[in-house]
Amino acid sequence: MTGTVYQIEVNPQLPERLERLEELANNLWYSWDRPTQGLFASLSHPLWEATSHNPKAFLKRADQKRLEATAENPVFLGALNRVLSAYDGYHAMPGLAHVHGQPFRADDLIAYFCAEFGFHESLPIYSGGLGILAGDHCKAASDMGLPFIGVGLLYRQGYFSQTLDADGQQQATYADSDFDDLPVSPVLNAEGGELRIGVELPGRTVQAKVWEVRVGHVRLILLDTWLAENSAFDREITHRLYGGDKTSRIEQEILLGVGGTRALAKLGLRPTVWHVNEGHAAFLILERIRGLVGGGLPFAAALEAVAAGTVFTTHTPVPAGHDHFSEDMIRQYFSAWCQELGLDAATLLALGAQPGKSDFNMTALALRGSRHHNGVSRIHGGVSANICRYLWPQIQPAENPMDYVTNGVHLPTFLAPEWFDTFERYLGIGWQERQTEPVNWRGIAEIPDATFWSIRQQLKAKLLKLVRERIRTQHQRNQGSPAHLDRLLKFVDPDNPNILTIGFARRFATYKRAALLFHDPRWLRELICQADRPVLFLFAGKAHPADQPGQEIIRRIAQMARRPEFEGRILLVEGYDLHLSRSLVAGVDVWLNNPIYPLEASGTSGMKAAMNGALNLSVLDGWWGEGYDDSGEITNGWAIKPVPAHLDEVQRDAEEARSLYEILQDQVIPTYYRTGPMGYSAEWVAMAKRSIASIAPRFNVTRMVGEYVRKFYAPAAEVGRRYAAGDFTVARDVARWKARVRAAWPGVRLLRLDQPERRLKFGNALRIEIAVQLNGLVPGDVTVEALIGRPGLSAGNGKLRRYPLQCTGGTQHGEALYTLDLTPEQCGRLEYRIRVFPAHTALIHPFETGLMLWL
Ligand SMILES: *Cc1c(COP(=O)(O)O)cnc(C)c1O
């Protein structure tokens, strides 16, 4: 045929009775409400799969006749009504705020900035853990009815689609999204036109269109530069998530931080809490400083005011995860900013400086521009305190302001629908609202073992079915033979799910050590190839296209999977995304994670697995450091203890692989196959139940966001307001005071005047007299204190008691005299130390100045 081919898509008209499907398709409530997903799927399963579970695309392509017939189908209409009443009920509710307390005022608003958001496979603007966490954070904010808005970028191409060839060579393909198909809509301005914001980049102003996404109660706004009025180059800024070079990276981050802040302002929103979720968003700090300095506030006071209301969360201890830009780039992109503020470049560069590095570090900027900071697990909080210690150089990491909030996952999103009825029956109606209360989960023990096991087997069968389909597709595309396919799928039988199935799925970054399992192939073979106790391993995950070592790991797994002895027992499934993730975490028996300690900041996939009744086998790192519980008779999973830090890489891998094999050999495999008359292992079921009951209440995102509210959001709203009150009186005060203290500090000296006693009778007081050379400061500017405790305790240990010294006069040399009569509360050997640090009642953290002097 010849001539031009014109394309047209004919969209159906929704019958009146089905009109509200449109509303359901435009609210990400569907991303966690399983009945809503089921409703769409029931209209046409093939179309539901073909549109990748995307309700909006689904409605555009549905068949008109089918829709009309459905509009007359009482069963469907009944289901639709149930879904709509749940939807309306959810949106009419104030949320769970009443459960957790609502410490906010009517004008409070939390703005949550992140470079990626992962809600559902139908909105592909996420790459992995960070995005899923951000999505879950928004979902919980909605569930809890928080005053909350998300801010991000709308990428035309999200993360890549992954296919694997027969050698495990990863192919990355990128596809443009059709925004018409996404659950997003343009934000309109007062005149009814599309809202735009402008952001200055060197030599031009880039325009961005503002979109919005509804996530239950909350809104997410997304910026997009794909506009006719932008140059071809600038249109590409929001083209691809984590694509491109340093230039596109800095431009994306400027758009997110600066553009996002302007978009909120244009919408008439005035957030009182700003959450910088990972350093990518930290430029929002500069934009807000610009606003305040433009209003007449000195720079240092503006920084204090901005920081008071800002929360920063760091998500990785791996250096590559911390963005940095050359100073030249920063000078170039922010020269107009410096000019407008009347600042020299050095002042700006100092905000992102890190000792020994010449680059401008986004984590450093985020830390200097916030007064509420956290890592994402207890271990990671400690590691981050250490990484960031340069910001508070005289403070020991254990005492510096870096705190932690352990991650959690959104239970309705990741709990398999098969569990809901059973949970309701045994945990009681309203169990979801009580999900953070451990007692609520005691009922798990009451679920009859046979019922529990039957749900587990159903979930595994469903997973095996999906794996069969995926492996078949993969195999056919790679032109494998049918006989080979049969061998590959020998153990993947949904009709016979009685095989111990172990899952490993995550980003293939080297520190995750996906290939550790293959450290000793002979041992592995002995473990998993026993005829009566077969083991199936399912691997999935993507490696960033620029990460060659990560892709090498995929090839290595593929290579091992091809060995005759492992064929069919080790499978590598391509295209890891939220859909595959939900099936894997729900269907496997064991979730394996063996990162290099302490590089796994938190990890969340193991939490998803645990709440579905899978057992974790993991290195004691990230969240598992808190989640693993061997205190009772029955443990809730298995732990690989990290080897001592002095061992080298080779020894470490060998030792930890040995632990892994031993746990598989002595515990996992025998426990699973200790099957009783009913065909399952009672011991296994007991562990799985303990896993749910001990992990679900703690590692859900409602607990997490509740902690953010208590530790950070509520205090940030409060101090932000306090710093700003009356033309920023407190912010100005604190800034001036800090400058004075910093200038004087190098001359501050401590001198002990009394003769230290070595022995003391219990009940008597030890007299301590200290002369403090304040170098121009006044006694009110500092705290002098003694710390006392058992030998070996260090600062930051709660067992050390702190006693303030009082200023009781002056010495003849002009020093301030501080004294204390200390009466120890314990007998035996004790140690005490004395220190001085700047103190001001308006400080947000007592050690935020980073200054401290020990005697
Ligand atoms: C949960 C999840 C992750 C994060 O899992 P980790 O355990 O942190 O690696 C990544 N990708 C997808 C699709 C997920 O669902």
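Into which domains is the chain divided? In this predicted model, local features need pLDDT of at least 70 and side-chain atom pairs count only at pLDDT 80 or more, whereas totals for chains, interfaces and linings use all residues. Residues are numbered from 1 along each chain as its sequence is written, and side-chain values use heavy atoms, with hydrogens and water left out. The chain is divided into domain 1 (16-92), domain 2 (109-408 + 709-723), domain 3 (442-696) and domain 4 (748-854); these bounds come from an automatic or database domain assignment.

The interface of domain 2 and domain 4 was examined. The centres of these two domains, taken over C-alpha atoms, are 41 Å apart. In domain 2, 16 residues are in contact with 14 residues of domain 4, contact meaning heavy atoms within 4.5 Å. The size of an interface is often given as the accessible area lost when the parts come together. For domain 2 and domain 4 the buried area is about 1,300 Å², with 55% of it on carbon and sulfur atoms; buried area here is the accessible area (1.4 Å probe) that two parts lose on being put together, summed over both.

Two salt bridges are counted between domain 2 and domain 4, a salt bridge being a side-chain nitrogen of Lys or Arg within 4 Å of a carboxyl oxygen of Asp or Glu. The side chains of Arg 371 and Glu 848 form a salt bridge, with an N to O distance of 3.1 Å. Five residue pairs, both members at pLDDT 80 or more, are in polar contact across the interface of domain 2 and domain 4. A polar contact is a pair of N or O atoms within 3.5 Å; within protein, one must be able to donate a hydrogen and the other to accept it, and residues adjacent in sequence count only if both atoms are side-chain atoms.

On the side of domain 2 that touches domain 4, helix H12 (299-308) and helix H29 (701-744) each supply at least two residues. The largest share, three residues, comes from H29. Helices (H or I, at least four residues) and strands (E, at least two) are DSSP runs, numbered from the N terminus.

In the whole structure, 61 salt bridges are found. Arg 721 and Asp 107 are joined by a salt bridge between their side chains (3.8 Å, N to O). Arg 721 lies in helix H29 and Asp 107 in the loop between helix H7 (97-100) and strand S1 (110-113), so the pair ties together parts that are 614 residues apart in sequence.

The ligand is surrounded by 13 residues, the closest being Lys 512, Ser 581, Thr 604, Ser 605 and Lys 608; a residue is near a molecule if one of its heavy atoms lies within 4 Å of it. An N or O atom in the side chain of Ser 581 is 2.6 Å from an oxygen atom of the ligand. For Lys 512 the corresponding distance is 3.2 Å.

Backbone geometry was also examined. Most residues other than glycine have a negative phi, and most peptide bonds are trans. Tyr 597 and Pro 598 are joined by a cis peptide bond, with omega about 0°. Pro 598 lies in the loop between strand S18 (590-593) and helix H25 (605-611). Phe 728, which is not a glycine, has a positive phi of about 65° and is found in helix H29.
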